[in-house]
Amino acid sequence: MNVTKLFAVVAALLPLAGIARADEQKDKKEMKDTKAQMVVLSVTEKGFEPANVTVKKGEPVMLMVTRKTKSTCAKEIVIASEKIHEPLPLDKEVSITFTPKAAGDVKYGCGMDMITGTIHVE
Ligand SMILES: [Cu+2]
């Protein structure tokens, strides 16, 4: 087989293999391209961890939240000021994005606001 033909076959197959992953990673890549601030949060028996994080205003924030325990009422995350209300399925990473517009504290919590955390925006 000549080299040109082999290259053509490989080039034709590569995108097919990449489609599923590309879709999955598209969001993360877009966020990276726009200088997203990635914040990794877990829900454990102790609550949201870390409960306090700091981000910069005016730049997109991507929260990657994974609930790691059944023993919690935080089966969802509510960020009232950003009108965000996301279910947190067990052991599944959920990504939430928003752009904090002003400096200050963005509070979030479980659906009943019993287990809480704070995103400091500066
Ligand atoms: Cu709760």
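Reply: Ile77 touches Phe48, Val65, Ile84, His85, Glu86, Leu88, Ile96, Tyr108 and Gly109, leaving out residues up to four places away in sequence; contact means heavy atoms within 4.5 Å. The model is predicted, so local features need pLDDT of at least 70 and side-chain atom pairs count only at pLDDT 80 or more, while totals for chains, interfaces and linings use all residues. Residues are numbered from 1 along each chain as its sequence is written, and side-chain values use heavy atoms, with hydrogens and water left out.

Ile77 belongs to the largest nonpolar core, which has 23 residues. Such a core is a set of buried Ala, Val, Leu, Ile, Met, Phe, Trp, Tyr and Cys residues joined through side-chain atoms within 4.5 Å. Buried means under 20% relative accessible area, exposed over 50%, and partly exposed in between (1.4 Å probe, protein chains only). The core members that touch the most other members are Phe48, Leu63, Val65, Ile77, Ile79 and Ile119. At least two core residues come from each of β1, β3 (52-55), β4, β5, β7, β8 and β9. Strands here are DSSP runs (E, at least two residues) and helices are runs of H or I, at least four residues, numbered from the N terminus.

Two of the residues that Ile77 touches, Phe48 and Tyr108, also form an aromatic pair with each other. Rings of Phe, Tyr and Trp (its six-membered ring) pair if their centres lie within 6.5 Å; planes under 30 degrees apart are stacked, over 60 edge-to-face, the rest tilted. By this rule there is one aromatic pair. The pair is edge-to-face, with 4.9 Å centre to centre and 80° between the planes. Phe48 is in strand β2 and Tyr108 in strand β8, so the pair ties together parts 60 residues apart in sequence. Phe48 and Tyr108 are both buried.

Another contact of Ile77, His85, stands in β6 opposite Val78. Strands β5 and β6 (residues 84-87) pair in the antiparallel sense over four bridges; two strands pair if DSSP finds at least two bridges between them. The two strands form a hairpin with four residues between them. In its turn, Lys83 has a positive phi of about 55°, although Lys83 is not a glycine. Lys83 is exposed, with a relative accessible area of 77%. Asp91, in the loop between β6 and β7, is another residue other than glycine with a positive phi, near 60°. Asp91 counts as exposed at 56% relative accessibility.

An open sheet of four strands runs in the order β2-β1-β4-β7, with mixed pairing. β2 (47-49) and β7 (93-98) stand at the edges with a single partner strand each, so one side of each has no neighbour in the sheet. β1 (residues 37-44) and β2 run antiparallel and are joined by three bridges. Ser42 has Glu49 in β2 as its bridge partner. Glu49 is partly exposed, at 31% relative accessibility. Apart from neighbours within four places in sequence, Glu49 is in contact with Val40, Leu41, Ser42 and Thr44. The C-alpha atoms of Glu49 and Thr116 are 9.9 Å apart, although 67 residues separate them along the chain. The peptide bond from Glu49 to Pro50 is cis, with omega near -10°, and Pro50 lies in the loop between β2 and β3.

The metal site comes next. Cys73 (SG) and Cys110 (SG) coordinate the copper ion at 2.1 to 2.2 Å. Donors are N, O and S atoms within 2.8 Å of the metal (3.2 Å for Na, K and Ca); water is not among the atoms, so sites may look incomplete. Cys73 is in the loop between β4 and β5 and Cys110 in the loop between β8 (104-109) and β9 (116-121), so the pair ties together parts 37 residues apart in sequence. Cys73 is partly exposed at 28% relative accessibility, whereas Cys110 is buried at 2%. Thr72 is found in the loop between β4 (61-67) and β5 (76-79) and is buried, at 9%. Not counting residues up to four places away in sequence, Thr72 touches Val43, Arg67 and Ile115.

For the whole protein, there are one helix and nine strands, and 33% of the 122 residues count as buried. Among contacts between residues at least 6 apart in sequence, 60% join residues at least 24 apart.
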